[in-house]
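Please open the model in your viewer and keep the selection panel at hand.

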Amino acid sequence: MKPTILYGISIVGFSMLMGCGDANTHNDMDKKKITDPHSYANPSDAVITHLDLDLHVNFDKKKLSGTATYTLQRTPEAKEVVLDTRDLSISKVTLDADTAGAAFATGVPDAVLGTALIIKIKPETKTVTVHYETSPDAAALQWLQPSQTAGGKFPFLFTQSQAILCRTWIPVQDSPGIRFTYTAKVTVPAGYMAVMSAENPTQRSVDGVYAFSQKRAVPAYLMALAVGDFDYHKYDERTGVYAEPATMPAAAYEFDETRKMLDAAEALYGPYEWGRYDLLVLPPSFPFGGMENPCVTFATPSVIAGDKSLNSLVAHELAHSWSGNLVTNRTWNDFWLNEGFTVYFERRIMESIYGKEYADMLAVLGYGDLKNTLADMESEGHQEDTKLKLKLDGRDPDEGMSDIAYEKGYLLLRNLEGQAGREAFDQFLKAWFKDFAFKGADTEEFLDYLEKNLIQKSNGKITLDVKKWVYEPGLPDGFTEPTSARLQKMKAMADAFVASGAEAVSLDSLSSHEIQFFLRSLPDNLTAAQMVQLDRKCHFTDRKNSEEAFLWLRLSVINNYADAYPALDSFLVHVGRRKFVAPLYEAMVKNPATIELANQIYAKARPGYHSVTYNTVDEILGKKPEQ
Ligand code: BES
Ligand code: ZN
């Protein structure tokens, strides 16, 4: 059948189901502006405002199945509502209370965007229900074997919806500019715990049936579900942590400053709007450090260092409760509005709890990441992606998820603060979060707001060329770099090691950030003898702090220190966090001596990785994407 075009989507099999040729209508609609390049949805005709989900979780079949019922806000003329789907099998669609199947059609699948689900609606239609099930390979879902969990006895399921993976487990208008409230009934095997990005239980249900409710409107990328053998530890009325029983003591200790962080965040930028703030510690294959799912941040166990040294991750995900979850990037081209603001807010939280010296170390480490990323992107010809405002149209939004949004965004805000003065800047940011609460914002709206509410009121103090920061590649001249005297000493220590050997090195009473900076300051051409010396003195190969282990293992690959390869192997088989995993494989393929090692390790490790991670590593190792 010849595809027709609707909203720029090629449709097959539509008129057959519809029983009427709507070609003219389609053409009219074609002219309407599609504002989010990563969604097929037609929100100006029919937009979802509420979702009622009813799902069964089947670990044996690795499937979710059930129904999604949407309340619509629509124009009287609207003839269709369009949802995003990917790898879902849709068995039936119904309208309002009518149980008879309604007409629907699906578009031609796109590898990144998935498939449009076009549902014919009547003038009186208020709700649509989609009956569906997920595929065992749904990209958002990771179904873990018991052996991949800390307890080792029960399987585990978690979702990762950002950026556009929600559509692989829920048919939805998967655009960050579209928000809806939701309820969910989720049935899991009896005895298992379940949480969602919503009001959550603190006790396991006896029959495995859970009822969730999220009363604040959220975009689809913040839909989340986790099911497994985990418990709740309460810190206070608002904060707590979910973790597997085996992980709980360490998790409860590591994150017990969450309360303080929440208080500090509210003191900075206004009330926390989401009820409780909890954390869920996932098994180590979780592909990210953290994910700011409303009410319950999902976190990697690799930040449990034993000494709280990596807990800025909590400040980061908590900060998203304002920058991201409250004020949301309208499309993924505006991703820096989520992440740059969040890094700025994160470091302000850290500063207010641990002091300026501590926050400056984080800023300098981040600045180092930024400079490396800029150099890499430039040498690979990706300058366009070093602009804050991205052009991800026609691409996987994952490609825009680099340090640019985080650290260039941060640097701009930090410099704006520097020029405006902290008091004025804080007032401005607080008002931004208030004025745009529960709304989407794009870069242009921010620039306009900035101009009116900060720049014009600053009496010429703000001289930064903000447009240049946003629309041009690289870093414009004339900004202040972050500095840290404590980290400068680490650079000096690394230089001294190269000049005179391991006697120059002492890590006693240094913080993890200083150790990380020391490792980053070592050159890429150390001899085997130097690596041995360092390892004898500092026991880097045995380090349990994941950031330090990662830096050391990478250095080991670059400098051919084979004694560390067993540790590298076990790190990569155990940990699926992409930020660590991808650069380690990258280093291995760059060094001819470790290409084979990379393939050997990957053959063992890949089955344990989440799709987000294995898709990236497949590319690094030149593996064909799965059909
Ligand atoms: N929202 C992000 C994670 C994300 C970004 C998932 C883009 C999918 C697409 C989260 O808030 C984040 O930034 N996590 C960081 C940790 C942080 C401390 C910088 C991470 O996972 O490394
Ligand atoms: Zn973030």
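The tour goes from a sheet to a metal site, then to a histidine and to the nonpolar cores.

This is a predicted model, in which local features need pLDDT of at least 70 and side-chain atom pairs count only at pLDDT 80 or more, while totals for chains, interfaces and linings use all residues. Residues are numbered from 1 along each chain as its sequence is written, chains are lettered from A and ligands numbered from 1 in the order in which they are written, and side-chain values use heavy atoms, with hydrogens and water left out.

**The sheet**

Select the strands (DSSP runs of E, at least two residues; helices are runs of H or I, at least four, and both are numbered from the N terminus) that form an open, mixed sheet of 6 strands in the order β6-β9-β4-β3-β12-β14. Because β6 (89-95) and β14 (209-219) each have a single partner strand, they stand at the edges with one side left without a neighbour in the sheet. Now select residues 46-58 and 63-74, which are β3 and β4: these strands run antiparallel and are joined by 12 bridges, where pairing requires that DSSP finds at least two bridges between two strands. Within this pair, L51 stands opposite Y70 of β4.

**The zinc site**

Next, select ligand 2, a zinc ion whose coordinating atoms include NE2 of H316, NE2 of H320 and OE atoms of E339, at 2.0 to 2.7 Å; donors are N, O and S atoms within 2.8 Å of the metal (3.2 Å for Na, K and Ca), and since water is not among the atoms, sites may look incomplete. Along the chain, the donors follow the spacing H-x3-H-x18-E. H316 lies in helix α5 (residues 312-319) and E339 in helix α6, so the pair ties together parts that are 23 residues apart in sequence. H316 is buried at 9% relative accessible area, and E339 is buried at 2% (buried means under 20%, exposed over 50% and partly exposed in between, with a 1.4 Å probe and protein chains only).

**H513**

Then select H513, found in helix α13 (residues 512-521) and buried at 4% relative accessibility. A polar atom of the H513 side chain lies 3.4 Å from the backbone oxygen of S309.

**The cores**

Finally, select W169, I170, M196 and F298, which touch the most other members of the largest nonpolar core, a set of 160 residues; such a core joins buried Ala, Val, Leu, Ile, Met, Phe, Trp, Tyr and Cys residues through side-chain atoms within 4.5 Å. Helix α6 (residues 335-354) gives the largest share of this core, 9 residues. Apart from it lies another core of 52 residues, including I515 and L621.

Technical notes
Polar contact = N/O pair within 3.5 Å; in protein donor to acceptor, adjacent residues only side chain to side chain.
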